[in-house]
Amino acid sequence: MADRRIQQQVEDNKNEKEEQEQDYGILLYYKYTTIPNLQNLSDFYHSNCSSLSLLGRVRLSSHGVNVTVGGKLKALKKHIEVLKSNSLFEGTDFKLAACHEPLNDQVAKECGFTSLSIRIVKELVSLSSQPLLKSPDISNAGKHLTAAEFHSLLQNAGKFQEKENFGSDKKLVLVDARNLYETRIGKFHTPNVETLDPEIRQYSDLPSWIDGNSERLRGNNILMYCTGGIRCEMASAYIRSKGAGFENVFQLFGGIQRYLEQFPDGGFFKGKNFVFDHRVSVGSLDTDTLGTCLLCSTSFDDYSTRNRCSHCRMLVLICDSCQEQESSYVCELCQKNGKLVASISTTEDDMSGDMLPPVTLEANPNMDQVRHSPAMSCGNDQHAAGTRTIRKLRILCLHGFRQNASSFKGRTASLAKKLKSIAELVFVDAPHELPFIYQHSLPDKNHDCESVRPEGSPPFNSCNRKFAWLVAADYNGKSDAEWKMAKVPFNTLQYQQQIEGFDESLEYLRNIFSQAGPFDGILGFSQGAAMAALVCAQQGKLKGEMDFRFVILCSGFAVNISEYSEGSINCPSLHIFGNNEGNDRQIESRASRHLVSLFERGCSVIIEHDLGHIIPTRSPYIDEMKDFLQQFLQFDS
C-alpha cells in the first residue's frame with residue numbers, strides 16, 4: 001500500500017512538472033492596418049500587458065502593430081481574446097507557442113524578455129536606414145500562401161496549378177528575406193528550385209541586394225519567406241514596386257513558424273528556425289544540424305552563447321571547444337572583406353569597439369528646450385521622481401568619408417545600445433556617391449572591400465555604395481559600377497584635399513531636417529564631424545530651417561572654416577578624439593584640437609581617449625557622453 005502511494009506521488013510530481021513546463025509561452029503577431037489613435041492603443045498595451053504580467057516588445061505605428069511577448073499561457077490567451085474583440089485586429093494571425101520560461105537571464109535580457117518595451121515607431125520594420133527613402137506601399141505586398149500551398153509549390157518545382165496570378169510559364173525563384181546568421185542554422189532546400197540567400201547583416205541591407213539582383217528576379221515567380229512573415233510584407237512590396245517583370249511575388253503567410261507547425265518533420269525546411277526571443281531557435285522532428293562552427297567547421301547550431309564578430313558584431317557560431325581557445329572572431333562577411341582578428345582596422349571605413357547589434361529607435365519629439373541636471377536619473381523611459389516620461393533626444397548621425405548609413409549604424413550600435421534610454425540615433429547616407437576604386441599593391445590587410453587586392457585585380461565580391469559629404473576638386477561623380485584602379489596610393493591625409501561639395505550637402509541636410517526632423521542634435525564622425533562643424537558655423541543663417549541644440553564631433557577636423565576665429569562658433573559641443581598617443585592614424589590629434597578651439601570655450605566639452613579612430617563606448621567615456629546629453633533632456637508634456 002505504501003509503495004503504491006509513493007509511486008502515485010512520483011507520478012503526480014512528474015505530471016505537475018510537465019504542466020509547469022508547458023505553462024509558459026511566446027506570442028508573436030503583427031497586423032498592418034490604419035491605427036486611428038496611437039496613444040490610446042499604447043495605453044491599452046501598457047494596461048493590458050502589465051495586468052497580465054507579459055514581457056517583451058510591442059511596436060506601434062500609424063500603419064499597424066508588431067508584437068512579441070512572453071508570459072503564462074493563460075495570460076497570453078486572455079490577451080488574444082481581448083484583441084479579437086477589437087475590429088482593428090480582425091484577421092490577425094496570432095502565433096502562440098508553449099515553451100520553457102527563460103533559463104538564461106543574459107539571453108532573455110538581450111532579446112528583450114526581462115521587461116516590457118512599448119514604443120511608437122515610424123515603421124514596424126525598417127527596410128532602409130535612409131529616413132528620406134519612402135517606404136513601399138504595403139497594400140502592394142506579395143500574395144499570401146498558406147504553408148500547404150507553399151509546400152505544394154516547392155514539391156511541384158515550378159509546375160504551377162492553373163491559378164489566378166500565377167505565371168505557369170515562369171521559373172520559380174525562392175528568396176530568403178532573413179539575415180545571414182539566421183540562414184546559417186536553417187533554410188528551405190528544394191533541389192529543383194533556385195534559392196537565393198542575400199547574405200545580409202541586417203534587414204535594412206535587403207533593398208540594396210534586391211537592386212543589385214534585379215535581373216535574377218525579373219520575369220520569374222518570386223517566392224519569399226522569413227521567420228514570421230512581417231519582413232516579407234515590406235520586402236515583397238519593394239520588389240513589386242519595381243514594375244513590369246516583378247508582378248509575380250508570393251510570400252509564406254505566418255513564416256517558417258507556421259510551416260513547421262504544418263510540417264512537424266521539417267518538410268523542405270532543413271535545420272532550425274532562428275527566433276528573436278529567449279528560445280533562440282526552434283527545430284523540427286528532423287534533428288540534423290545544418291550549422292557549422294565558424295572556426296573548425298564541425299556541426300554546431302547553438303547561438304545561446306551570443307558570440308559576435310569583433311568587427312561588425314553579427315552573431316557567429318563558435319563551438320564549445322573553440323570558445324575555450326579563442327575569444328575574438330571575424331564573421332564570414334568581414335572575412336570576405338579581408339578583415340582579421342589580430343589587428344582591428346582603424347581606417348575611415350572601419351570603426352571597431354564595444355558594439356552590439358543596431359537598435360532602431362523612433363519618436364515624435366518637439367524642440368522646446370528644458371534643461372535638467374546632469375545628475376538626473378533616467379530609466380525605462382520614466383523619470384524616477386515622477387510619472388512624466390522623458391522625451392528621448394533625436395540625433396542625426398553623419399558618417400565618415402567612403403562610408404554609408406548602414407555601415408555607420410552597425411559600427412555605432414554599441415553607442416545606440418548604451419544611450420537608448422535617453423537618445424535615438426538616425427542615420428543617413430551623404431549625397432556624394434563615390435566610385436569604386438582599388439590599389440595595385442597590398443600594403444595592409446586591414447582594409448574594406450574597396451581596398452587592395454594582389455596582382456592589381458579588383459575585389460571579386462560586390463560592395464555596398466559609399467558616400468561622402470565633401471569631395472576632392474577633381475570629383476566627377478560615380479559614372480558607373482566598374483572598378484577603377486587608384487591613380488595614386490591611398491593617403492591617410494586625403495581628408496585635407498576634400499574641400500568641395502559643401503553646398504550640395506547643406507541643401508541635402510536642409511531636406512533631411514524638413515522631411516525627417518526635428519532633431520535635437522547632430523553627431524558627426526571624421527568627415528561627418530567636419531560637415532557638422534560647418535553647419536554649426538552657419539547656424540545663425542539656418543535658423544528656422546535646421547534648428548538643433550548641440551553637436552557631437554568625433555575625430556573631427558576643420559575644413560573651409562578659415563574665416564572663423566577662436567571661440568566664434570557658439571553652439572554647445574562635445575568633442576571626442578584620440579590624444580597624442582591615441583593611435584588615430586586617420587585624423588591627427590592636433591587637427592581635432594584646432595577644431596575645438598573654434599567653438600566657444602564655455603559651452604564645449606572635450607573627451608580624449610587612446611583607442612584609435614573610433615567612438616569609445618566603455619567607461620568612463622560613455623559616462624561623460626551621457627552627462628553631456630542629459631543636460632538637454634526634457635519631459636513630454
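Which residue stands opposite Ser573 in S26? Val551 does.

**Figure 1. The chain as a whole, a predicted model.** This model is predicted: local features need pLDDT of at least 70, side-chain atom pairs count only at pLDDT 80 or more, and totals for chains, interfaces and linings use all residues. Residues are numbered from 1 along each chain as its sequence is written, and side-chain values use heavy atoms, with hydrogens and water left out. The chain holds 18 helices and 28 strands. Helices (H or I, at least four residues) and strands (E, at least two) are DSSP runs, numbered from the N terminus. Of the 637 residues, 53% are buried. Buried means under 20% relative accessible area, exposed over 50%, and partly exposed in between, with a 1.4 Å probe and protein chains only. Among contacts with a separation of 6 or more, 75% join residues 24 or more positions apart. A contact means heavy atoms within 4.5 Å.

**Figure 2. An open sheet of six strands.** The strand order is S19-S18-S24-S25-S26-S27, and the pairing is parallel. Two strands pair if DSSP finds at least two bridges between them. S19 (423–428) and S27 are the edge strands, and each pairs on one side only. From one strand to the next, the twist averages 20°. Axes are lines fitted to C-alpha atoms, for helices over the stretch in contact, and angles run from 0 to 180 degrees between N-to-C directions. Five bridges link S24 (residues 521–525) to S25 in the parallel sense. Here Phe525 faces Cys554 of S25 as its opposite residue. Helix H15 packs on the sheet and touches S18 (393–398), S19 and S24. The direction of H15 makes about 150° with that of S18. Helix H18 (residues 621–630) lies across S18, S25, S26 and S27, and runs at about 170° to S27.

**Figure 3. Strand S26 and its two partners.** S26 spans residues 573–578, and six of its six residues are buried. In a regular strand the side chains alternate between the two faces of the sheet. One side of S26 carries Ser573, His575 and Phe577; the other carries Leu574, Ile576 and Gly578. Both faces are covered. S25 (residues 550–554) runs parallel to S26 and is joined to S26 by four bridges. S27 (residues 604–609) also runs parallel to S26, with six bridges between them. Ser573 stands opposite Ser604 in S27.

**Figure 4. His609 in strand S27.** His609 is found in S27. Is this residue buried or exposed? His609 is buried, with a relative accessible area of 1%. A polar atom of its side chain lies 3.1 Å from the backbone nitrogen of Leu611.

**Figure 5. An open sheet of five strands.** The order is S6-S11-S10-S7-S9, with parallel pairing. S6 and S9 (194–196) stand at the edges with a single partner strand each, so one side of each is left without a neighbour in the sheet. Neighbouring strands are turned by 30° against each other on average, direction ignored. S10 (residues 221–225) and S11 (residues 249–252) pair over three bridges, in the parallel sense.

**Figure 6. Asp137 in a loop.** Asp137 sits between strand S5 (116–120) and strand S6 (143–145). Its side chain makes a polar contact with the side chain of Ser139, at 2.8 Å. A polar contact is a pair of N or O atoms within 3.5 Å; within protein, one must be able to donate a hydrogen and the other to accept it, and residues adjacent in sequence count only if both atoms are side-chain atoms. Asp137 and Ala237 are 100 residues apart in sequence, yet 6.4 Å apart in space, C-alpha to C-alpha.

**Figure 7. Aromatic rings.** The structure holds 23 aromatic pairs. Why does the pair of Trp469 and Tyr508 count as tilted? The ring centres of Trp469 and Tyr508 are 6.2 Å apart and the planes stand at 55°, so the pair is tilted. Rings of Phe, Tyr and Trp (its six-membered ring) pair if their centres lie within 6.5 Å; planes under 30 degrees apart count as stacked, over 60 as edge-to-face and the rest as tilted. Trp469 lies in the loop between S22 (467–468) and S23 (484–485), and Tyr508 in H15 (residues 502–516), 39 residues apart. Both Trp469 and Tyr508 are buried. Elsewhere, Phe150, Phe188, Tyr225, Tyr259, Phe263 and Phe269 form one aromatic cluster.
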